[in-house]
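Open the model in a viewer and follow the stops below in order.

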Amino acid sequence: MGKNQGNKGIMIDYDAIANQESFKALVRKKKSFLWSMTVFFLAAYMLLPILTSYTKVLHQKAFGEITWVWVYSAGLFIMTWCLCHLYVAKANSFDKEAKAIIAEYENGGGSR
């Protein structure tokens, strides 16, 4: 990437930041979180058509005339909102860690 001028007039060496161990740890944590969340999300969504097409599990009545398909589908909406809130919270924590890494670099923590 090279060097670029930051908003304080300081030259920032993005390669040096990328080589910091703290940055590499943040990238690993972020990738782990995103892949885990993606797999969970896709598995939950793909399970609905599989269960409705190839089994009769969700076709049983849950409450009156409402079947488990409707309960599962409503749960997917709730899950989506929960995952969205979880993602925003984790993204905020990742942003704080990124700011700490930049501060570490500015204080001479990164190899320049």
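Select cysteine 84 first: its relative accessibility is 43%, so it counts as partly exposed (buried is under 20% relative accessible area, exposed over 50%, partly exposed in between, with a 1.4 Å probe and protein chains only). This is a predicted model, in which local features need pLDDT of at least 70 and side-chain atom pairs pLDDT 80 or more, while totals for chains, interfaces and linings use all residues. Residues are numbered from 1 along each chain as its sequence is written, and side-chain values use heavy atoms, without hydrogens and water.

Zero disulfides are found in the whole structure (a disulfide is a pair of cysteine sulfur atoms within 2.5 Å).

Now select residues 21-54, helix 2, and residues 68-106, helix 3: they pack at about 175°, with axes 11 Å apart. Helices here are DSSP runs (H or I, at least four residues), numbered from the N terminus; axes are lines fitted to C-alpha atoms over the stretch in contact, and angles run from 0 to 180 degrees between N-to-C directions. Helix 2 is therefore roughly antiparallel to helix 3 (the term applies to angles over 145 degrees). Their contact has 21 nonpolar, four polar and five charged residues (nonpolar: Ala, Val, Leu, Ile, Met, Phe, Trp, Tyr, Cys and Pro; charged: Asp, Glu, Lys and Arg; polar: the others, Gly among them).

Terms used
Helix = DSSP H or I, 4+ residues; strand = E, 2+ residues; numbered from the N terminus. Parallel < 35°, antiparallel > 145°, perpendicular 65-115°, else oblique.
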